[in-house]
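This report walks through a few local features of the structure shown below. It is meant for a reader who has not seen the structure before.

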Amino acid sequence: MEAIREGSVSVEGVDLTCITLKSGRDVFDRVVGGSEFDVAELSASEFISLAGAGDRRFVALPVFPSRVFRHGYIFVNTPAGIRSPKDLEGKRVGLPLYTQTAAIWARGHLAHQFGVDLSRIRWVQGAVEDAGTHGRPHAPALLQEVNIEQNHSGLSLATLLAKGEIDVLIGSRKPEILGRHPDIARLFPNYRALERELYEKTGIFPIMHLIALRRELHEGHRWLATSLYKAFVEAKRRARERMRYAGSLSTMLPWLQSDIEEIDAVFGGDAWPYGVDANRATLQALLQYMVEQHFIAGAVPVEDLFVPIGDSYGT
């Protein structure tokens with residue numbers, strides 16, 4: 001997105017003002033709670049939940065600015081005796097939001113890859129590093145009651161994990177306490193190998209966010225979605241070109257070029273494709289997990305989630 005933000009890639013027909021907020025949650029709360037922006041990054045599961053509940057204020061573009069494998073974001077209190085994923089059954093598991101896309105993916109992996117019965121878990125919801133809640137979400141209510149309690153302890157989830165008052169934490173980022181407290185560890189120390197195995201077997205690279213556009217703006221300017229999509233594709237092309245330049249490193253990763261070679265071997269060169277067809281397996285899995293976890297009544301064709309974009313504009 002950087003080339004669009006800095007203005008080196010323009011959106012044809014649009015005088016664009018880019019606003020960068022400090023976290024995704026801030027963006028989502030302002031988009032869904034106040035419809036503050038014409039175009040915005042939005043939680044994929046929140047968009048799907050809203051559409052499933054009949055809230056049609058937004059349309060989506062098949063552009064996915066955030067994708068993250070989630071096996072490495074499950075943390076355990078080691079004295080709780082959790083040695084395998086099935087040991088989560090009967091335990092108290094903290095998470096920022098039950099409705100968070102990251103949590104949906106993590107639960108789906110636990111259920112499908114490791115046979116965990118999610119109904120036997122007690123969920124504790126709250127902010128990870130601070131006391132209180134994680135943002136001001138506006139996701140629709142679940143279609144079936146789930147055993148979720150709000151953390152009213154006055155302590156953060158990370159502190160509760162260290163004290164053993166919750167057994168597990170599923171987060172969208174690793175807690176600051178990891179590596180500092182002797183009792184906190186990852187459930188899957190070999191998470192990178194498991195994530196690669198997931199992709200090689202299923203083609204799933206979890207999508208976290210998509211691009212949402214106000215429906216009334218889209219309906220009044222039908223050309224806008226294509227214009228935006230073309231700009232997003234070009235910005236990504238430039239980012240990939242910069243990342244692959246070997247004369248100097250684009251990020252502070254000493255073995256970046258080795259990682260790029262692994263990406264080429266595993267993903268066929270582009271781990272971050274846009275468009276529906278290139279992401280069908282991932283989108284279908286997200287819809288399946290959302291049905292199973294009582295977010296939506298039934299899966300819909302993935303094409304129905306997005307504004308149609310012609311095949312000639314690339315991914």
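## Helices α3 and α2

Gly54, which comes just after α3, takes a positive phi of about 90°. The model is a predicted one. Helix α3 covers residues 44-52. Seven of its nine residues are buried, so α3 is largely enclosed by the rest of the structure. The buried residues in α3 are Ala44, Ser45, Glu46, Phe47, Ile48, Ser49 and Leu50. Their cover includes α2, β1, β2, α4 (101-114), β9 and α10.

Helix α2 spans residues 24-34, and its buried residues are Arg25, Val27, Phe28, Asp29, Val31 and Val32. These buried residues pack against β1 (39-43), α3, β2 (58-67) and β9. Just after α2, Ser35 has a positive phi of about 45°.

Strand β9 runs over residues 207-214 and contains His209. Is His209 buried or exposed? With a relative accessible area of 15%, His209 is buried, because the cut-off for that class is under 20%. The His209 side chain makes a polar contact with the side chain of Glu41 at 2.5 Å. Not counting residues up to four places away in sequence, His209 touches Phe28, Glu41, Leu42, Ser43, Ala44, Val63, Phe64, Pro65 and Ser66. One of these, Phe28, is also among the buried residues of α2, and another, Ala44, is among the buried residues of α3.

The second case is Gln293, in the segment after α10 (280-292). Gln293 counts as buried, at 3% relative accessibility. Which backbone oxygen does the side chain of Gln293 reach? The side chain of Gln293 reaches that of Ile104, at 3.2 Å. Leaving aside neighbours within four places in sequence, Gln293 is in contact with Tyr98, Ile104, Arg107, Gly108, Leu118 and Leu142.

## Salt bridges

How many salt bridges does a search of the whole structure find? The search finds 26. Three of them are set out here.

| Side chains | Distance, N to O |
|---|---|
| Arg5 and Glu2 | 2.7 Å |
| Glu200 and Arg196 | 2.9 Å |
| Glu262 and Arg196 | 3.0 Å |

Arg5 and Glu2 belong to helix α1 (residues 2-6); being three residues apart there, they are separated by about one helical turn. Arg5 is partly exposed, at 46% relative accessibility, and Glu2 is partly exposed with a relative accessible area of 43%.

Glu200 and Arg196 are both in helix α6, four residues apart, which is about one turn of the helix. Glu200 counts as exposed at 51% relative accessibility, while Arg196 is partly exposed with a relative accessible area of 33%.

The side chain of Arg196 also meets that of Glu262 in a salt bridge. Here Glu262 lies in helix α9 and Arg196 in helix α6, so the pair ties together parts that are 66 residues apart in sequence. Glu262 counts as partly exposed, at 26% relative accessibility. Salt bridges with shared partners join Arg192, Arg196, Glu200, Asp259 and Glu262 into one network.

## The second largest pocket

The second largest pocket has a volume of about 1,200 Å³. It is lined by 32 residues, and the closest to its centre are Phe205, Leu253, Asp259, Ile263 and Trp272. Asp259 also belongs to the salt-bridge network that contains Arg196.

Which helices each supply at least two residues of the lining? They include α6 (191-202), α8 (224-244) and α9 (256-267). Helices α6 and α9 are also the two that hold Arg196 and Glu262.

Terms used: Residues numbered from 1 in each chain as written. Predicted model: local features only at pLDDT ≥ 70, side-chain atom pairs only at ≥ 80, totals over all residues. Heavy atoms only, no water. 1 Å grid on protein atoms, 1.4 Å probe; cavity = no way out; pocket = protein on both sides within 12 Å on 5 of 7 lines; lining within 4 Å. Points joined across faces, edges and corners; volume = space filled by probe spheres on them. Buried < 20%, exposed > 50% of the residue type's maximum accessible area, 1.4 Å probe, protein only. Polar contact = N/O pair within 3.5 Å; in protein donor to acceptor, adjacent residues only side chain to side chain. Contact = heavy atoms within 4.5 Å. Salt bridge = Lys/Arg side-chain N within 4 Å of Asp/Glu carboxyl O.
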